[in-house]
Amino acid sequence: MSIALALSLVFLGERPNAWVWLGVMIALPAIWLTAGGGRLNKGQVNSTTQTGLLFGLGAGLGFVLQLHFLGQVPNHAALYGIALCMLSGALCLPPFYQRAKPAQKRFPLFATIAGGISTLGLTLYALSRQGQLAIISIVIVSMYPLIPVVFGSLVRKEAFSGTSMMGVVLSIVATVLITVSTY
């Protein structure tokens, strides 16, 4: 999210008001807490954790850049931009598919559903950015860890940790502040 903010400030010349800034400052720790943020102990850091961290940072950077560049596409061409996003994502997948374990290759229906949900999300993002600062849409979209945490709690009967609950509350506060600032 901080990368998205920097891109919006530097390249788009956006100047969010004080309410958006307050929402962003609350959103940063909210995302970390919602995702179960905490300290990693030396014993927890191994090569798998490091690889996961690098892939996660790469995915986050790719996600932010995708949203930033999709935000530059004119409204009348937004669906073409979304199609290019999905195509470029599909072109990046084959090397990872070859490394997948045989058990993971049996779920094409789930992968198709996930791709459809991703397309819907990009479409809604493209529609949400109309008439407002790009940073507002990007910050709200960046709070997506809230959805799996709440979904896991409700559907899978997983317990909310105190950390995640605090993140959920802060995410809601940040979203309200950012949304109210546009009216």
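**Helix α8 and the overall picture**

P148 is placed in helix α8, which covers residues 146-155. The model is a predicted one. With a relative accessibility of 49%, P148 counts as partly exposed, because that class lies between under 20% for buried and over 50% for exposed. A distance of 9.5 Å separates the C-alpha atoms of P148 and T34, although the two residues are 114 residues apart along the chain.

**Overall composition**

- The secondary structure of the protein consists of nine helices and zero strands.
- Along the sequence, the pattern therefore reads α-α-α-α-α-α-α-α-α.
- The protein has 183 residues, of which 28% count as buried.
- Among contacts in the protein with a separation of 6 or more, 79% are accounted for by residues 24 or more positions apart.
- The protein exposes about 12000 Å², and carbon and sulfur atoms supply 71% of this area.

**Helix α2 and residue L22**

- L22 belongs to helix α2, which is formed by residues 18-34.
- How accessible is L22? Its relative accessibility is 39%, so L22 counts as partly exposed.
- L22 and V173 are 151 residues apart along the chain, and their C-alpha atoms are separated by 9.9 Å.

**Helix α3 and the nonpolar patch**

- Which residues make the nonpolar surface patch of about 340 Å²? The patch is made by I3, L61, L65 and F69.
- Helix α3, formed by residues 47-71, contributes the largest share of the patch, namely three residues.
- One member of the patch, L65, has its place in helix α3.
- L65 counts as partly exposed because its relative accessibility is 30%.

**The pair of helices α4 and α6**

- Two packed helices are described by the angle between their axes and by the distance between those axes.
- Helix α4 covers residues 78-92 and helix α6 covers residues 108-128; their axes come within 10 Å and cross at roughly 145 degrees.
- Is the crossing of α4 and α6 left-handed or right-handed? The crossing is right-handed.
- On the α4 side, the residues that meet α6 are A78, L79, I82, C85 and M86.
- On the α6 side, the residues that meet α4 are G115, S118, T119, L122, T123 and A126.

**Residue C85 within helix α4**

- C85 is found in helix α4, and it is one of the residues through which α4 meets α6.
- Is C85 buried or exposed? C85 is buried, because its relative accessible area is 15% and buried means under 20%.
- Leaving aside neighbours within four places in sequence, C85 is in contact with Q66 and L122.
- L122 is also among the α6 residues that meet α4.
- The C-alpha atoms of C85 and L67 are separated by 9.5 Å, and these two residues are 18 residues apart along the chain.

How values were computed:
Residues numbered from 1 in each chain as written. Predicted model: local features only at pLDDT ≥ 70, side-chain atom pairs only at ≥ 80, totals over all residues. Heavy atoms only, no water. Patch = residues over 30% accessible without salt bridge, like charges linked within 9 Å, V, L, I, M, F, W, Y side chains within 5 Å. Areas by Shrake-Rupley, 256 points an atom, 1.4 Å probe, with all protein chains shown as cover. Salt bridge = Lys/Arg side-chain N within 4 Å of Asp/Glu carboxyl O. Helix = DSSP H or I, 4+ residues; strand = E, 2+ residues; numbered from the N terminus. Buried < 20%, exposed > 50% of the residue type's maximum accessible area, 1.4 Å probe, protein only. Axes fitted to C-alpha atoms, helices over the stretch in contact; angles between N-to-C directions. Left-handed = near helix turned anticlockwise from the far one by under 90°. Contact = heavy atoms within 4.5 Å.
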